[in-house]
Amino acid sequence: MQVQATGPSPTSAAAGLADPIVELSGVTVELDDRTILEDVDLVVGTGELVTVIGPNGAGKTTLVKTVLGLLAPTAGSAWIRPGVRIGYAPQHLPLDRSIPIDVAGFLALGGARPHSEFAAALAEVGLHGIERRQMAALSGGELRRVLLARALLRRPDLLVLDEPLSGVDVTGQLELYELIGDIRSRRGCAVLLVSHDLHLVMATTDRVVCLDRHVCCSGTPETVARDPRFLNLFGDRFGTLVALYHHHHVCRHDAAARGELGP
Amino acid sequence: MIEPFLLRALLAGLGIALVAGPLGAFVVWRRLAIFGEALAHSALLGVVLALLLALDPTLGLLLFAALLACALWALEDQRLLPTDTILSTLAHGALALGLVVLSFVDWLRLDLMAYLFGDILAVSERDLLLVVALLAVVSAVLARHWRALVSLTIEPDLARVEGVPVRRLRLVLDLFIAGTIALGMKLVGIVLVVSLLVVPVAAARPWARTPEQMALFGSLVGALATLIGLTLSAAVDIPSGPAIVVTAVFSFLASSGMHRVLERRGSGRARPSLARRGGAR
């Protein structure tokens with residue numbers, strides 16, 4: 001077991017990638033005598049957008065926690081480039097109604113910053129005028145965006161988003177995916193995105209890693225969708241729905257260009 | 001002229017009330033009320049052990065509470081049983097053991113009632129100094145780490161990723177709570193001491209919009225309850241610990257009731273405007 005925090009990237013496995021920011025090699029995680037992850041390799045390069053998909057129980061959240069250094073691997077090594085600033089949006093925020101806290105107060109917990117930055121970060125994720133709203137009164141979609149804003153306020157080199165679409169309706173999911181893609185291209189930060197939702201994988205994803213305790217297959221969305229190992233695990237739904245997403249995306253822009261309102 | 005023992009009790013009570021605002025807020029947010037009960041119930045064993053070892057009982061109480069807080073902190077990651085089950089086992093185990101040990105040493109003269117329900121006559125000058133020291137240390141640490149503490153309370157993993165030393169700060173918080181319980185026990189006793197932490201912040205909750213407000217209002221409610229409770233107890237000769245707690249609970253009931261009334265009036269005003277908006281659609 002080793003968690004390296006210093007030094008250069010430990011292996012040359014990343015030779016294909018010029019500048020890795022995160023590198024897991026041969027990571028195995030056992031919890032309570034159960035193997036959650038087995039011999040997982042994962043590399044995220046600078047500015048790269050990597051989507052990890054997998055069914056429930058595939059070890060996605062464990063993978064995230066290993067990358068974040070919250071969990072030490074039983075075997076293998078987890079390396080993250082020294083000095084990297086991480087913005088993390090967890091899957092759940094167990095907000096207890098007994099804690100009175102508004103959105104601005106919640107954002108301030110991530111680090112002391114001038115209030116003008118809060119408004120800017122909220123605007124970046126598409127929220128306006130909600131600084132004084134109580135956190136407990138937010139909708140699922142608003143909460144996801146506030147979590148994203150808190151992560152962005154840290155000016156991250158690496159954004160780690162665990163199920164950023166949970167509790168968000170379909171239109172909101174498309175908007176959020178577009179937003180994440182925009183943020184990546186605007187800020188140039190690497191993004192590690194985890195999702196169990198096979199119906200919708202971002203068109204702008206550089207690489208999809210298909211996880212089921214071990215890495216089944218990985219590659220561009222198009223290659224993975226055709227990979228027999230992927231089809232074996234998830235069936236044939238994914239390929240068609242990626243196409244649907246492209247389609248929908250174009251539709252919205254057409255509608256906007258004609259000045260019409262979408263359905 | 002106020003009696004010296006009453007003045008000591010009053011000052012100690014106010015000191016405890018002030019630290020109990022912010023610490024009680026964490027007890028409520030992190031659902032540590034049972035943790036507090038466990039510390040309080042096991043205190044008797046601490047006192048008995050201290051007396052057997054010829055140590056000062058208050059010192060024994062503090063040490064034992066700190067030791068237990070450390071043990072509970074170490075047990076926190078155990079997942080096979082729910083935390084309240086572990087706490088309940090430890091709490092009642094320690095209380096029962098304290099009573100058993102006490103029955104064996106018949107030369108030990110211990111005023112059990114004073115420990116169970118408090119005795120303001122027992123508040124010594126040194127106890128008062130200990131309260132002042134607790135107040136100073138707690139204020140300094142909370143002021144410095146407040147944001148990190150609130151952050152780890154809401155989402156510990158997120159706090160850790162953002163660089164907060166979560167486990168260390170949790171231990172500090174647990175120790176502060178243990179200290180408050182050990183010293184507050186002098187005033188209101190083992191059975192009632194957790195209410196000093198929980199009730200004032202519960203009364204404060206409906207009126208607070210930020211974590212800081214809840215802690216501050218909690219301190220104010222606690223201080224008022226102490227003042228009124230002790231005055232009542234001196235004026236009409238009722239036991240002082242229960243008088244403080246009853247006052248605090250009444251303030252909680254009044255606060256909740258008042259909030260409910262205001263809320264209903266507020267929603268009564270909002271209803272017609274909602275209907276109008278509905279009609280426009």
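A residue is called buried if 20 or more other C-beta atoms lie within 10 Å of its own, exposed if 12 or fewer do, and partly exposed in between, with the C-beta atoms placed from the backbone. Helices (H or I, at least four residues) and strands (E, at least two) are DSSP runs, numbered from the N terminus. With that in hand, look at helix α10 of chain B, residues 193–204: it is mostly covered, with twelve of its twelve residues buried. Among them are V193(B), L196(B), P200(B) and A204(B).

## What you are looking at

This is a predicted model, where local features need pLDDT of at least 70 and side-chain atom pairs count only at pLDDT 80 or more, while totals for chains, interfaces and linings use all residues. Residues are numbered from 1 along each chain as its sequence is written, and chains are lettered from A and ligands numbered from 1 in the order in which they are written.

pLDDT is the predictor's confidence in each residue, from 0 to 100. Chain A averages 80, and 79% of its residues score at least 70. Over residues 1–7 of chain A the pLDDT is below 50. It also stays under 50 over residues 239–263 of chain A.

## Chain A and its sheet

Chain A has eight helices and ten strands, and 41% of its 263 residues are buried. Say that two residues are in contact if their C-beta atoms, placed from the backbone, lie within 7 Å. Among the contacts in chain A between residues at least 6 apart in sequence, 68% join residues at least 24 apart.

Now for the strands, which pair if DSSP finds at least two bridges between them. Six strands of chain A make an open sheet in the order β6-β7-β8-β4-β9-β10, with mixed pairing. Because β6 and β10 (214–219) of chain A stand at the edges with a single partner strand each, one side of each is left without a neighbour in the sheet. Neighbouring strands of this sheet are turned by 15° against each other on average, direction ignored. Helix α4 (residues 140–153) of chain A packs on the sheet and touches β6 and β7 of chain A, its direction making about 170° with that of β6(A). Here, axes are lines fitted to C-alpha atoms, for helices over the stretch in contact, and angles run from 0 to 180 degrees between N-to-C directions.

Strands β4 (residues 49–53) and β8 (residues 190–195) of chain A run parallel and are joined by five bridges. I53(A) stands opposite S195(A) in β8(A).

## The nonpolar core

A nonpolar core is a set of buried Ala, Val, Leu, Ile, Met, Phe, Trp, Tyr and Cys residues joined through C-beta atoms within 7 Å. The largest one has 154 residues, and V160(A), L192(A), L39(B), A43(B) and A65(B) have the most contacts inside it. Helix α1 (residues 4–29) of chain B gives the most to this core, with 14 residues.

What does L192(A) touch, leaving aside its neighbours within four places in sequence? Its contacts are V22(A), V44(A), V50(A), V67(A), L158(A) and V160(A).

L179(A) sits in helix α5 (residues 170–187) of chain A. It counts as partly exposed because it has 18 C-beta neighbours inside 10 Å. Leaving aside neighbours within four places in sequence, L179(A) is in contact with V125(A) and G126(A).

## Where the chains meet

The contact takes 18 residues from chain A and 19 residues from chain B. On chain A's side, β6 (86–89) and α2 (103–108) each supply at least two residues.
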